[in-house]
Amino acid sequence: MHYNTRIFFREQLNSFKTNLIYLDSTILINIYKELLDIVTLNMYNTLILLEKERENIMSDKNMENENLQNNEDLENSNASEEETQTEANPEDEFELLKKELTELKDKYARVHADFDNIKKRLEREKYTAVEYANEKFAKDMIPVVDSLEMALQSANADASPEELIEKLKEGIELTLKQFTTALEKHGVTMVSHEEPFDPNIHNAVQSVDHDEIESGEIVQTFQRGYKYKNRPLREAMVVVAN
């Protein structure tokens, strides 16, 4: 910009000198003013550009200084860490590791002991559960035994044979009902003779002709069958129609 301004000013000045003899004083003053304004404007623009260039240079220099400072800080930090590691006593570090290893061994021993205790306790509980699995069923059978004993004692009472037979029959019916209720409480049920024939729970021991019952249906039950929940305990012995 300095070079362009000088060229411009020189050209204007040469032109001014060439035409100087033809101009009066008023025109000369106006020309001087215009030249002065032009030079002033160009110099102002040049100063602005120089100021911007100076700011850019200062910014780059500041960034460079910051990078240098960061590098120095990083080098100082690394040097400090290296000095700390160098100053660390190997014997102290060994003792610390030895202490940690001892603590881990103790912790492992305690965990292993707890695991063994839990394993033994679960085995005992499993054995106890299997050994006494029928405890509730046995308790429910005791009242049935009591009823049978009472029925036997009533047979020695002073009464006529007809009365004894009637009481004995009544006692057996009540005992059978009590026994059936106890079995149902534990999932044991009788196979109904009204159910359709099922080879899984019925055993056809005989077949007969029957006019009122369709072929394959149950005509008569010889012996009741029993189920434990959905599993057959004993098949029912039945007669089926041809």
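Which residues does His 202 touch, not counting residues up to four places away in sequence? In the predicted model described here, these are Val 191, Ser 192, Glu 195, Pro 196, Phe 197, Ile 218, Glu 235, Ala 236 and Val 238, where contact means heavy atoms within 4.5 Å. His 202 belongs to strand E2 and is buried, at a relative accessible area of 4%. Buried denotes a relative accessible area under 20%, exposed one over 50%, and partly exposed the range in between, computed with a 1.4 Å probe on protein chains only.

Residues are numbered from 1 along each chain as its sequence is written, and side-chain values use heavy atoms, with hydrogens and water left out. As the model is predicted, local features need pLDDT of at least 70 and side-chain atom pairs count only at pLDDT 80 or more, whereas totals for chains, interfaces and linings use all residues.

The pLDDT, the predictor's confidence in each residue on a scale from 0 to 100, averages 76 over the protein, and 69% of the residues score at least 70. Confidence is lowest in helix H1 (residues 2-18), with a mean of 52, and highest in strand E4 (residues 226-228), with 93. Over residues 20-25 the pLDDT is below 50, and this stretch has three contacts in the model beyond near neighbours in sequence.

The protein has five helices and six strands, and from the N terminus on the order of elements is α-α-α-α-α-β-β-β-β-β-β. Helices (H or I, at least four residues) and strands (E, at least two) are DSSP runs, numbered from the N terminus. Of the 242 residues, 10% count as buried. Among contacts with a separation of 6 or more, 59% are between residues 24 or more positions apart.

Helix H4 (residues 135-154) and helix H5 (residues 161-185) have axes that come within 10 Å and cross at roughly 175°. Axes are lines fitted to C-alpha atoms, for helices over the stretch in contact, and angles run from 0 to 180 degrees between N-to-C directions. H4 and H5 are therefore roughly antiparallel to each other; angles over 145 degrees count as roughly antiparallel, those under 35 as roughly parallel, 65 to 115 as roughly perpendicular and the rest as oblique. On the H4 side the contact includes Phe 137, Met 141, Val 144 and Leu 148, and on the H5 side the residues include Leu 164, Leu 168, Phe 179 and Leu 183. The residues of this contact divide into eleven nonpolar, four polar and two charged. In this classification Ala, Val, Leu, Ile, Met, Phe, Trp, Tyr, Cys and Pro are nonpolar, Asp, Glu, Lys and Arg are charged, and the others, Gly among them, are polar.

The strand E2 that carries His 202 is part of an open sheet of three strands in the order E2-E6-E3, with mixed pairing. Two strands pair if DSSP finds at least two bridges between them. E2 and strand E3 (218-223) stand at the edges, each with a single partner strand, so one side of each lacks a neighbour in the sheet. Neighbouring strands of this sheet are turned by 30° against each other on average, direction ignored. Six bridges join E2 to E6, and these strands run parallel; Asn 203 stands opposite Met 237 in E6. E3 and strand E6 (residues 236-241) run antiparallel and are joined by four bridges, with Val 238 in E6 as the bridge partner of Thr 221. Five of the six residues of E6 are buried, so E6 is largely enclosed by the rest of the structure.

Ser 207 also lies in strand E2 (residues 202-208). Ser 207 is partly exposed, with a relative accessible area of 42%. Leaving aside neighbours within four places in sequence, Ser 207 is in contact with Val 239, Val 240 and Asn 242. The C-alpha atoms of Ser 207 and Gln 220 are 9.8 Å apart, at a sequence separation of 13 residues.

A further open sheet consists of three strands in the order E1-E4-E5, with antiparallel pairing. Strand E1 (188-190) and strand E5 (231-234) stand at its edges, each with a single partner strand, so one side of each is without a neighbour in the sheet. The twist from one strand to the next averages 35°. E4 and E5 run antiparallel and are joined by three bridges; Tyr 226 has Arg 234 in E5 as its bridge partner.
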